[in-house]
Amino acid sequence: MCPVCKQKIIKLTGWHNHHMVWRSLGGSESQENRILLHPNCHDQVHNQQLTIEKPRPPKGV
Ligand SMILES: [Zn+2]
Ligand SMILES: [Zn+2]
């Protein structure tokens with residue numbers, strides 16, 4: 001699932017790895033810091049400097 005457009009990410013759409021904390025700012029390569037986005041959505045994030053938050057399942061209600 002792409003957090004930008006809320007569409008599924010499949011082989012056909014392709015995907016990019018986005019680092020929530022940029023590598024240049026000390027972000028890690030860990031799963032925690034990476035998120036999958038569509039290539040075009042990824043461009044949007046950078047062009048519009050959007051902040052992406054990792055979708056996390058609600059817990060501890
Ligand atoms: Zn997308
Ligand atoms: Zn990125």
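From the N terminus on, the elements of the chain follow the order β-β-α, with 1 helix and 2 strands in total; helices (H or I, at least four residues) and strands (E, at least two) are DSSP runs, numbered from the N terminus. The model is a predicted one, in which local features need pLDDT of at least 70 and side-chain atom pairs count only at pLDDT 80 or more, whereas totals for chains, interfaces and linings use all residues. Residues are numbered from 1 along each chain as its sequence is written, and chains are lettered from A and ligands numbered from 1 in the order in which they are written. The pLDDT, which is the predictor's confidence in each residue, from 0 to 100, averages 89 over the chain, and 97% of the residues score at least 70.

Strand E1 (residues 16-19) runs antiparallel to E2 and is joined to it by 4 bridges, two strands being paired if DSSP finds at least two bridges between them. Within this pairing, His-16 has Leu-37 of E2 as its bridge partner. Strand E2 (residues 34-37) has a covered face, made up of Ile-35 and Leu-37, and an uncovered one with Arg-34 and Leu-36.

Trp-15 lies in the segment before E1 and is partly exposed because 16 other C-beta atoms lie within 10 Å; a residue is buried if 20 or more such atoms, placed from the backbone, lie within 10 Å of its own, exposed if 12 or fewer, and partly exposed in between. Leaving aside residues up to four places away in sequence, Trp-15 touches Ile-9, Leu-36, Leu-37 and His-38, a contact being counted if the C-beta atoms, placed from the backbone, lie within 7 Å.

Terms used: Two residues are in contact if their C-beta atoms, placed from the backbone, lie within 7 Å.
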